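Here's a quick briefing to read alongside the model. Take a look at it first, then we'll walk through a few of its features.

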Amino acid sequence: YKGQGIGHAMMDTAVAALAPADEVRLLVNPGNRAAHATYERWGFTRAGEKPVMMGDHAFVDFIYAKPL
């Protein structure tokens, strides 16, 4: 299904449901280069970092933000 616009359509639907918010933020694993490229292509910019715990494992995700 890659390249068929399904992910973009899902993101558009999710973002539309957030109205009247003025910004959408999401967390991205620093090693997921494909996600970074996709979100940047969709107008998101890197806005910071956030410590995250998953069970006993601590790591840092990148915050991506997009004004609405």
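In which strand is threonine 45 found? Threonine 45 sits in strand β2, where strands (E, at least two residues) and helices (H or I, at least four) are DSSP runs numbered from the N terminus. Keep in mind that this is a predicted model: local features need pLDDT of at least 70, side-chain atom pairs count only at pLDDT 80 or more, and totals for chains, interfaces and linings use all residues. Residues are numbered from 1 along each chain as its sequence is written, and side-chain values use heavy atoms, with hydrogens and water left out.

**The sheet**
- Three strands form an open sheet in the order β1-β3-β2, with antiparallel pairing; two strands pair if DSSP finds at least two bridges between them.
- β1 (23–28) and β2 (45–54) are at the edges with a single partner strand each, so one side of each has no neighbour in the sheet.
- Strands of a sheet pair through backbone hydrogen bonds, either parallel or antiparallel.
- β2 and β3 (residues 57–67) run antiparallel and are joined by nine bridges.
- Across from glutamate 49 you'll find phenylalanine 62 in β3.

**Around threonine 45**
- Threonine 45 has a relative accessible area of 49%, which makes it partly exposed (buried is under 20%, exposed over 50%, partly exposed in between; 1.4 Å probe, protein chains only).
- Leaving aside residues up to four places away in sequence, threonine 45 touches Ile63, Tyr64 and Ala65, contact being heavy atoms within 4.5 Å.
- Threonine 45 and tyrosine 64 are 19 residues apart along the chain, and their C-alpha atoms are separated by 5.3 Å.

**A cis bond**
- Alanine 19 and proline 20 are joined by a cis peptide bond, with omega about 15°.
- Proline 20 belongs to the loop between α1 (6–16) and β1.
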